[in-house]
Amino acid sequence: MINRILSAQNLQGKLPPELVKLPYLQEMFMEPLTSKILMMVIEGNHEIEPQVNGITFKSYLTRFAVPAEESGSKSNLYYSFDAGGIHFIMLGAYADYNSTGAQFAWLKQDLQSLDRSVTPWLVASWHPPWYNSYASHYQEFECMRLEMEALLYQYGVDIVFNGHVHAYERMNRVYNYTSDKYGPVYIIVGDGGNIEKVDVDHDDDPGKCPSPGDNIPEIGLVCHLNFSSSPAKGNFCWSKQPEWSTFRESSFGHGILEARRKISVEDKQPSSFPSLSGPQAVQLLLLREKKFTIRRPSTSTRHCSIRLSPIAESYLFNNFTGELPETFSNLITLKEL
């Protein structure tokens, strides 16, 4: 993206290296985009930008508008918002995250007021990861994890997105460094938008384990620890890829999050779409979307999408009485994914 803009403005190769830095790129290239395109952002270490008189985050707080007040937060450094069926929680790792602080109190209130029938998906994001098996930034924000992880687990966060580490890593569902089917899936996507080097060393690579004196956060305390269980018991680093890390790749890239609900429907006629009634039809109604995903139990389970015609949609949303007529199936098309 940046290269295309540079080329279009005949600046390719003409900028001195000292100018190809974050503040310059923000002002020249990002501002024309962020002033027109809605973006939900959260602060990272590059946004601290310390100035005289202890001023920090001046550029971040000035450039970006976020729904902090609307979500009950008194700081743009942490807030929440809804998008479709997803409730997003944006946490500030470079603000006070202690359990006695304002951010923690706000987070608890935000989670308590959540209606999962309206936003069934709960996604959280902050800049530096808690779970990370790269040597870079390893256990850097262990203090934040110790303060907040139990609260996120209690309210069933589905997915957590982090950056900071300039690589990709996806975790299994995990809680307190233990595989847990009720824990969130943590994903590091620090490979997108990176102008620095890609991280390639893992903490379990021979000779790459950082010392407990490394990876000190710019803001916040240090809580590095040795593991009390698992194959890494008694050690600061693992000797192999951790059991909670399922995939890691040193690369550049971006991703798209697509949330779908799965509904089990009995399929007595594999070649045709079965009529729906009772709970299944009610579930479809509650989704109030034009496209749904279902699981058809059979010898070879398939995922299909249901598309409602305008007539079918109007009938469902305006005339539904609890049963779906047998003749209604000809208004619904079934497409195998």
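This is a predicted model: local features need pLDDT of at least 70, side-chain atom pairs count only at pLDDT 80 or more; totals for chains, interfaces and linings use all residues.
Glu-169 belongs to strand S5, which spans residues 168–171. The residue is buried but has no salt bridge. Arg-248 is the nearest side chain of opposite charge, at 4.7 Å. A salt bridge requires a separation within 4 Å. Two serines make polar contacts with Glu-169. The side chain of Ser-133 pairs with the side chain of Glu-169 at 2.5 Å.

Asp-158 sits in a loop. This loop links helix H5 (142–154) to strand S4 (159–162). Asp-158 has a relative accessible area of 15% and is therefore buried, the cut-off being under 20%. Its side chain makes a polar contact with the side chain of Arg-116, at 3.2 Å. Beyond neighbours within four places in sequence, Asp-158 is in contact with Arg-116, Pro-120, Trp-121, Leu-122, Arg-173, Pro-184 and Val-185.

A nonpolar patch was found on the surface. Met-30, Ile-37 and Met-39 form this patch. Together they have about 240 Å² of accessible area. Met-30 is part of helix H2, which covers residues 22–34. Met-30 counts as partly exposed because its relative accessibility is 31%, and this class lies between the 20% and 50% limits.

Terms used
Residues are numbered from 1 along each chain as its sequence is written. Side-chain values use heavy atoms; hydrogens and water are left out. Helices (H or I, at least four residues) and strands (E, at least two) are DSSP runs, numbered from the N terminus. Buried means under 20% relative accessible area, exposed over 50%, partly exposed in between (1.4 Å probe, protein chains only). A polar contact is a pair of N or O atoms within 3.5 Å; within protein, one must be able to donate a hydrogen and the other to accept it, and residues adjacent in sequence count only if both atoms are side-chain atoms. Contact means heavy atoms within 4.5 Å. Lys and Arg count as positive and Asp and Glu as negative; His and the chain ends are not counted. Patches are made of residues with over 30% relative accessible area and no salt bridge: like charges are joined within 9 Å, nonpolar side chains (Val, Leu, Ile, Met, Phe, Trp, Tyr) within 5 Å. Accessible areas come from the Shrake-Rupley method with a 1.4 Å probe; for residues, only the protein chains shown count as cover.
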